[in-house]
Amino acid sequence: MGPFLILLAAACMEVGGDALVRWGLKSGQLIGFLLGAVVLFTYGVVVNLPKWDFSQLLGVYIVLFFVVSQFTGYFIFHEPLTQGRLVGGLLVIAGGAVMMAWK
């Protein structure tokens, strides 16, 4: 369970860093860029902490990133969850499950 929590934290950092950069762009606030850069660099370190194969690591990470980004889009940026996002997201999640289960 530990590696999944690390990857979940990394996904939150990447989405949060992207959101800070987005805020910096829209508001013209330099602090958004600076904080976003720090958070995104930290994400790059954290996402590589689990001792998994690189392709498996990032394959599973993409699933967590997708889920966190959709929650953030919906709850923070008030973006609708369209059918295409939901169906595509189910495919992303299914792909991650196959990568974890297939030996």
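**View 1. Contacts of Thr72.** Once its neighbours within four places in sequence are left aside, Thr72 is in contact with Val15 and Phe77. The model shown here and in the other views is a predicted one. Thr72 has its place in helix α3, which covers residues 54-75, and its relative accessible area of 17% falls under the 20% cut-off, so Thr72 counts as buried. A polar atom of the Thr72 side chain lies 2.9 Å from the backbone oxygen of Val68, and Val68 is itself listed among the buried residues of α3. In an α-helix there are 3.6 residues a turn, so residues three or four places apart point the same way.

**View 2. Helix α3 and what covers it.** Helix α3 has 22 residues and reaches 31 Å from its first C-alpha to its last, which is close to the 32 Å expected at 1.5 Å a residue. Its buried residues are Leu57, Gly59, Val60, Tyr61, Val63, Val68, Gln70, Thr72 and Gly73. The cover over these buried residues includes α1 (2-27), α2 (30-46) and α4.

View 3. His78 is found in the loop between α3 and α4, the latter covering residues 83-101. The phi of His78 is near 55 degrees, a positive value in a residue other than glycine. Most residues other than glycine have a negative phi. His78 has a relative accessibility of 65%, which is over the 50% cut-off, and therefore counts as exposed.

**View 4. The whole chain as a setting for the close-ups.** The protein has 4 helices and 0 strands, and from the N terminus on its elements run α-α-α-α. The C-alpha trace spans about 50 × 35 × 20 Å along its principal axes. Of the 103 residues in the protein, 24% are buried, and among contacts between residues at least 6 apart in sequence, 63% join residues at least 24 apart.

View 5. The protein exposes about 6700 Å², of which carbon and sulfur atoms supply 75%. There are 5 positive and 4 negative side chains in the protein, and the centres of these two sets lie 3 Å apart.

Conventions:
Residues numbered from 1 in each chain as written. Predicted model: local features only at pLDDT ≥ 70, side-chain atom pairs only at ≥ 80, totals over all residues. Heavy atoms only, no water. Helix = DSSP H or I, 4+ residues; strand = E, 2+ residues; numbered from the N terminus. Buried < 20%, exposed > 50% of the residue type's maximum accessible area, 1.4 Å probe, protein only. Contact = heavy atoms within 4.5 Å. Areas by Shrake-Rupley, 256 points an atom, 1.4 Å probe, with all protein chains shown as cover. Lys, Arg positive; Asp, Glu negative; His and termini not counted. Charge placed at Lys NZ, Arg CZ, Asp CG, Glu CD. Polar contact = N/O pair within 3.5 Å; in protein donor to acceptor, adjacent residues only side chain to side chain. Expected span 1.5 Å × (residues − 1).
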